[in-house]
Amino acid sequence: MRALYVSSEVYPLAKTGGLADVSAALPTALSKLGVEMSVLVPGYHGTIRSAAARSIRFESTDFLGFGPVRLIAAQTPDTGLPIWIVDSPTLFRRSGGLYQDEQGRDWPDNAFRFALFNHIAAQLSLGELVANWRADVVHANDWHAGMTPALLAAVQGRRPGTLFTIHNVAYQGVFPGYLYEGLRLPANAFNSDGVEFYGGVSFLKAGIRYSDLLTTVSPTYAAELLTPEYGCGLDGLLRARQRKLYGILNGVDYHVWNPGRDSYLPECFDPGNLAGKRTCKTELQRELLLEPRSDMPLMVYVSRLTDQKMADVVLEAIPEIVERGAQLAMLGKGEPSIEQRFLEAAQKYPGRLAARIGYDEALAHRFHAGADILLHPSRFEPCGLTQLYAMRYGTLPVVTRVGGLTDTVVDAGEQTLRLGTATGFVFQYPNAQAMLACVDRALALYDQPLAWRKVQYQAMSRDFGWDVSAQRYLALYNKLVPDGVQIDVTMDADPLPKTAVR
Ligand code: ADP
């Protein structure tokens, strides 16, 4: 079986968040299960240079009116995962972010950039671009790849089966309707039963509407998506397609996130011996100019600085955290006003608060290794990888009870502590008061070294590897392939099916 995994990010070539990690790890895990996997990514500034074993497999001086395009076959460095790079010098090769310019404004031509990406995905998978290469399954991810299922659904005759994964329903890729014609999308799909969304054109809706099967990245988020509170306006459509929707938990690539063999760390460690973790804490305090106090709990916040990640609430809680005798280090990038407020807070509390603005993969590893507690609150959280990384590094997470956080962190309550199943601290309401009450529980346990050590051991030993989840994806790929390919994508008749979300 040959599958094309379509994603706007893949680690280590292009990353803004968890999507990149998943787009490297899941295809690798599926390859091990015997699927011939390759990942299609845009060729951003630097992506092509960093890729290995490059060869041009298709070239057009003007592809569907989007300008010159080349399709490059390559591999990820080190891991050798096969990738296809869409090289459009005018649309993708520019300095700045993947989706935004240096000032944090969305690129004005995002609709065209990702329309091109989807056209290439569809045509490559159909065998129209590279001789003797076509896919049996197309696995499209998030809004950037949402038009691919729509393009394939419009094909008469043989086509690959499509699976669409929602990593975050809040990012929808909605653009003004007047652009539709120029995007070269199926003419009859611009209506409310198609890709139209309140007059605009929605890439995410297209993926949800036209894919043969749907997944999202945790069971709890799959259920939440069906509600107006979390569905971001697409809950009605998702309820209509509920029988095609599966919640499959994301996994961790323990080759990349392994405290026992992590070249970013000053010293490695494992659950049985945490001497190296103590060194990591000392070194991190030194690096961040925090007071060199091994007894003082060190909390970290590693995140995109957005409303989702409750950056505002973390800022609000800073004085109280310092008051409680803890240190806080943050590493993040996002809304400029939030960045500024973190920098100001760091000046106000020297030695107790450190703020690093920017995106730094190596530093993120050192944060997870050197900290005692991860502050990881979210207003909504499809899966969340950060808390899984922290747990493996013996850093206990403080999280909101929402989405994938619910599915992955076991709150340290009386019973779970007794049973030895606790792995972190969970709170209900997304506000500073509730978060601080949870922080208090964490700090109280931190003051009991033996009990803390037990929870740390449990958190480090939990297995969130990809094996089980990759098998579940394979089962879905298999559903798509046997009858070939002509799968009917008509909507489910019953808008509220009785079957639970799997
Ligand atoms: P999301 O994808 O919503 O941002 P996840 O928890 O699923 O959240 O994944 C976040 C990923 O991005 C993790 O790999 C985390 O370590 C990384 N990350 C977030 N912010 C930064 C940063 N400023 N520097 C380095 N890594 C970061």
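**Notes on a pocket and a cavity**

1. The second largest pocket has a volume of about 800 Å³. Of its 35 lining residues, A25, D253, Y254, H255 and V256 are the closest to the centre. A pocket here is an open set of points on a 1 Å grid over the protein atoms alone, with protein on both sides within 12 Å along at least five of seven lines, and a lining residue has an atom within 4 Å of a point. Volume is the space filled by probe spheres set on the points, with grid points joined across faces, edges and corners.

2. This is a predicted model, where local features need pLDDT of at least 70, side-chain atom pairs count only at pLDDT 80 or more, and totals for chains, interfaces and linings use all residues. Residues are numbered from 1 along each chain as its sequence is written, and side-chain values use heavy atoms, leaving out hydrogens and water.

3. Now the cavity, a set of points where a 1.4 Å probe fits but cannot get out. The whole structure has one cavity of 30 Å³ or more. The largest cavity holds about 40 Å³ of space, and α16 (449-461) gives the largest share of its lining, three residues.

Note on methods: Helices (H or I, at least four residues) and strands (E, at least two) are DSSP runs, numbered from the N terminus.
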